[in-house]
Amino acid sequence: MAGILRLDHVSKTYPRSGAALVDVSFELNKGEFVFLVGHSGAGKSTLLKLISMAERPTDGEVRVSGFSSLTARSRDIPQLRRRLGIVFQDFRLLPDRTAEQNVAFALEVTGVPQGLIQPKVARLLTQVGLASKATAFPHELSGGEQQRVAIARALVNDPFVLLADEPTGNLDDRATHAIFLLLREINTQGTAVIMATHDVALIQRANLRFLEMDKGSLIFDGTDVARLVADMRGRR
Amino acid sequence: MRLALREVVLAFRRAPLLALLGVTTIAFSLFAFGLFGLVAINIRSALVSIEDRVEIRAFLVDGVADGQVDELMRGITKMPQVADVGYVSPDSALQRARAELDEFRDVMEGAMLPGSVELRLKEGARDPATVLAISQRLQTYPVVDEVRYGREWVEKLYRIRNIAGLAGSVLGAVFALVSVIIIGSTIRMAILARAREIEIMRLVGATNGFVRLPYLIDGTLKGLAGGVIAVALTWGTNALVSRSLLGTVFFSTQQVLLGILAGALLGLLASWISVGRQLGRIWREA
């Protein structure tokens, strides 16, 4: 099966803080669910930034859905972003807009005709289980609910891959599990997911492929959770 | 577009004072241009009417023979710049002086006035340089004693016009610079206030142009408003001077429209510069 996302010997060095990624290569297949695991500072966020082309690699090549980091111009990037969904640990919702307005905003600014926005927003909020709280403002929602709004917003363009940077980092166990189930459900409908986390227990339960990062290097790519548990303990 | 206009209104509500300040400085910038421009065009129209009366008078030496006068007249008529020429004999000069200066009638009893030749130049040949050249040419005739013309006046008016033009440009440019800075900082504030929204717009794939558009519209509208105010101020000043001091000329419709357009362009330029810099900063931080 063809990879929809491929990193080829990718390195990223910042002028001040030094190497953030060292010679990382992997491939993501269509509709796959992959965890990205490692301690903070291991390079998870940098890796996701390179995939969304917020940054370009110092070395190597990132290929995402037909775009290459070597040839993409900065005005191509909005087109790439419309094929990705991105969610963060801190949700990044607009505090002065309701849940549905936050989701609608992403459609408005990408030029979707007004008439199509309302039904799509309603459908997405239903999908993430928040239809009843469409008119609530972010501060009226729990952390888990806010992340659901953010996920709904990330899905507006029907992305082929969802990049989730520690989406459960601010949530308690119950909410974490619920968000994970939601991401799995989205995944079963065909969207690939890369979920960065340092929650080893979650990976243990899920028994899915994971990419283990340490000091900017990809040190393991597979499903051997026992190894991961030992690794994470050893480095603590 | 609808979204962009909504942002413009929001930006105005967020910092109305700063927005007004931006409009005001653009207005003052163009007002300075306009005022001195008005002085310049009025001096020009004054120059045209004065130049209309520019005449060169060549006083002749005493006791010139009629034949010599005829020869001089023929020579002058051949000059392409000369519109018409007339001879004033010593007798008619005295008569004219008596008529014009009635109070000095006694003094002039038995006085002798020199004969002279008066000539007027064609339109387009009344600038100081041509007047000087013709005068020097007349001076070469042996019968000509002295040549006089309103040289000082013509040159002074030309100089005033140039100074007015320069002063207007300098003052206008200073105001223009200030307005660019102020409009730039209003946009900076607006962008910082919306840093989060802009970050999300980028995240979900809004194009650069889409992000920029509201700010460019904002700047252009401010410039347009400034231009209209400047025209109103200039017109008001002109009307005031016209009524209380002396009749003046106002700009043509085309010049007025050009002024308003200049305001819009100034606003657009200011916002263009600022948007580029501020968005660049947000991109890097995000």
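This chat walks through a predicted model with chains A and B.

Q: What kind of model is this, and which residues do local features use?
A: It is a predicted model: local features need pLDDT of at least 70, side-chain atom pairs count only at pLDDT 80 or more, and totals for chains, interfaces and linings use all residues. Residues are numbered from 1 along each chain as its sequence is written, while chains are lettered from A and ligands numbered from 1 in the order in which they are written.

Q: How many helices and strands are in chain A?
A: Chain A has eight helices and 10 strands. Both are DSSP runs, numbered from the N terminus: helices are H or I with at least four residues, strands are E with at least two.

Q: What is the radius of gyration of chain A, and what would a compact globule have?
A: Chain A has 18 Å, which agrees with the value near 18 Å for a compact globule of 236 residues. The radius is taken over C-alpha atoms, and the globule rule is 2.2 Å times the number of residues to the power 0.38. Along its principal axes, the C-alpha trace of chain A spans about 45 × 40 × 40 Å.

Q: How much of chain A is buried?
A: Buried residues make up 39% of the 236 residues. Buried means 20 or more other C-beta atoms within 10 Å of the residue's own; exposed means 12 or fewer, and partly exposed is in between, with C-beta atoms placed from the backbone.

Q: Which strands make up the open sheet in chain A, and in what order?
A: The order is S2-S1-S4-S5, with antiparallel pairing. Two strands pair if DSSP finds at least two bridges between them.

Q: Which strands stand at the edges?
A: Strand S2 (18–29) and strand S5 (67–68) of chain A do. Each has a single partner strand, so one side of each is left without a neighbour in the sheet.

Q: How many bridges join S4(A) to S5(A)?
A: Two bridges join strand S4 (residues 59–64) to S5(A), and the strands run antiparallel. A:Arg63 stands opposite A:Ser68, and the bridge partner of A:Val64 is A:Phe67. Their hairpin has two residues between the strands, and there A:Ser65 takes a positive phi near 45°.

Q: And S1(A) with S4(A), how many bridges?
A: Five, in the antiparallel sense, with strand S1 covering residues 3–14. A:Ser11 stands opposite A:Asp59 in S4(A).

Q: Switching to S9(A): why is it largely enclosed?
A: Four of the five residues of strand S9 (residues 210–214) are buried, so the rest of the structure largely encloses S9(A).

Q: In what sense does S3(A) pair with S9(A)?
A: Strand S3 (residues 33–37) and S9(A) pair in the parallel sense over three bridges. A:Leu36 stands opposite A:Leu211 in S9(A).

Q: How many bridges join S9(A) to S10(A)?
A: Five bridges join S9(A) to strand S10 (residues 217–222), and this pair runs antiparallel. A:Asp214 stands opposite A:Ser217. In the hairpin of the two strands, A:Lys215 takes a positive phi near 50°.

Q: How many residues are in the largest nonpolar core?
A: It has 70 residues, and A:Leu36 and A:Val193 are among those with the most contacts inside it. H3(A) gives the most to this core, with six residues. A nonpolar core is a set of buried Ala, Val, Leu, Ile, Met, Phe, Trp, Tyr and Cys residues joined through C-beta atoms within 7 Å.

Q: What is A:Val193 in contact with?
A: Leaving aside neighbours within four places in sequence, its contacts include A:Phe33, A:Leu162 and A:Ile186. Contact means C-beta atoms, placed from the backbone, within 7 Å.

Q: How is chain A divided into domains?
A: Domain 1 is 1–83 + 161–172 + 181–236, and domain 2 is 92–158. Such bounds come from an automatic or database domain assignment. Their centres, taken over C-alpha atoms, are separated by 25 Å. Eight residues of domain 1 are in contact with 10 residues of domain 2.

Q: How many residues does each chain give to the contact between A and B?
A: Chain A gives 15 residues and chain B gives 12 residues. On the side of chain A, helix H2 (77–81) and helix H3 (99–108) each give two or more.

Q: Is B:Asn162 buried or exposed?
A: B:Asn162 is exposed, with 12 other C-beta atoms within 10 Å. This residue lies in helix H6 (residues 151–193) of chain B.

How values were computed
Contact = placed C-beta atoms within 7 Å.
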